[in-house]
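Please look at the model below before reading on.

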Amino acid sequence: MQLVVGRIGRAHGIRGDVSVEVRTDEPEIRLGPGAVLLTDPASAGPLTIESGRVHSGRLLLRFAGVKDRNAAEALRGTMLIAEVDPEERPDDPEEFYDHQLIGLDVVLLDGTPVGELTEVVHLPYHDLLMVKKADGTEVLVPFVSQIVPTIDLENQRAVITPPAGLIDPDLAEVAGTSAAEDADGPEGAEAPDGSEGPAGAEGADRAEGPEASQ
């Protein structure tokens, strides 16, 4: 099985180094010296990693045969692809490869179906799970333990506990309206003496919504 593990950025220096946008949780394995990677476009590879280092928070790689800045810049935008055994699992039991997650049934804690997990979106702060619902619409679910407490590969499902409104935005709107009405009371109501009631009372009893790492 092929997995995208990085994307080549701009050249760095004059000796063929390139910056790499890492797209793997195991860069020391997938992007270590000696690793041979396929590429997209295929014509750019395969590429063998000769050396690597971190500079100013960025991973810099040098590939065999890429000796100068011009050759390095020609690789800009190239996707780096690793061949991975489909049965391979990350060392950390709390981590998963994208291909293990895509296609899982997504359900609520009580078993109510939500949809199918179709994509893993990698962001700097945390990942997002793209879920396609039965009606064809899609929703992004933060891949954090509070919202995705269980990944059950044996039963091919992901259990989620989303905050109100994440899966169905209408529920968030109804909840907000109800809370506001409860706090404000009936429209136009006045206190017996004709006043509007204590200043600052509006919203005092409004309930807070549920709080939202791998």
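In this predicted model, six strands form a closed barrel in the order β1-β2-β5-β4-β3-β6, with antiparallel pairing, where strands (E, at least two residues) and helices (H or I, at least four) are DSSP runs numbered from the N terminus, and where two strands pair if DSSP finds at least two bridges between them. From one strand to the next the twist averages 50°, the axes being lines fitted to C-alpha atoms (for helices over the stretch in contact) and the angles running from 0 to 180 degrees between N-to-C directions. Strands of a sheet pair through backbone hydrogen bonds, either parallel or antiparallel.

Two conventions apply throughout. Residues are numbered from 1 along each chain as its sequence is written, and side-chain values use heavy atoms, with hydrogens and water left out. Because the model is predicted, local features need pLDDT of at least 70 and side-chain atom pairs count only at pLDDT 80 or more, while totals for chains, interfaces and linings use all residues.

The protein chain as a whole has four helices and twelve strands. Of its 214 residues, 32% are buried, which is to say under 20% relative accessible area, with exposed meaning over 50% and partly exposed in between (1.4 Å probe, protein chains only). The chain exposes about 13,200 Å², of which carbon and sulfur atoms supply 49%; these areas come from the Shrake-Rupley method with a 1.4 Å probe, and for residues only the protein chains shown count as cover.

Which strands pair with β1? Strand β1 (residues 2-12) is joined to strand β6 (residues 79-83) by five bridges in the antiparallel sense, and there leucine 3 stands opposite alanine 82 of β6. Five bridges also join β1 to β2, again with the strands running antiparallel, and in this pairing arginine 7 has glutamate 21 of β2 as its bridge partner. Strands β1 and β2 form a hairpin with four residues between them, and glycine 13 in the turn has a positive phi of about 75°.

The charged side chains come next. Side chains of opposite charge can pair when their charged atoms come close. The structure holds six salt bridges, each defined as a side-chain nitrogen of Lys or Arg within 4 Å of a carboxyl oxygen of Asp or Glu. One of them joins arginine 53 to aspartate 17, with the closest N and O atoms 3.4 Å apart. Arginine 53 lies in strand β4 (residues 47-55) and aspartate 17 in strand β2 (residues 17-22), so this pair ties together parts that are 36 residues apart in sequence. Arginine 53 counts as partly exposed because its relative accessibility is 40%, whereas aspartate 17, at 7%, counts as buried.

Glutamate 21, the bridge partner of arginine 7, has its side chain in a salt bridge with that of arginine 23 (2.9 Å, N to O). Here arginine 23 is partly exposed at 33% relative accessibility, and glutamate 21 is partly exposed at 38%. Another salt bridge links arginine 157 to aspartate 152, with the closest N and O atoms 3.8 Å apart; arginine 157 is partly exposed at 34%, while aspartate 152 is buried at 16%. Salt bridges that share partners also join Asp17, Arg53 and Arg62 into one network.

Leaving aside neighbours within four places in sequence, the residues in contact with arginine 30 include Val5, Leu37, Ile49, Ala82 and Glu88, contact meaning heavy atoms within 4.5 Å.

Threonine 39, finally, is placed in strand β3 (residues 36-40) and is buried, with a relative accessible area of 9%. The side chain of threonine 39 reaches the backbone nitrogen of glycine 45 at 2.9 Å. Leaving aside neighbours within four places in sequence, threonine 39 is in contact with residues among them Ala44, Leu47, Thr78 and Leu80.

Methods
Polar contact = N/O pair within 3.5 Å; in protein donor to acceptor, adjacent residues only side chain to side chain.
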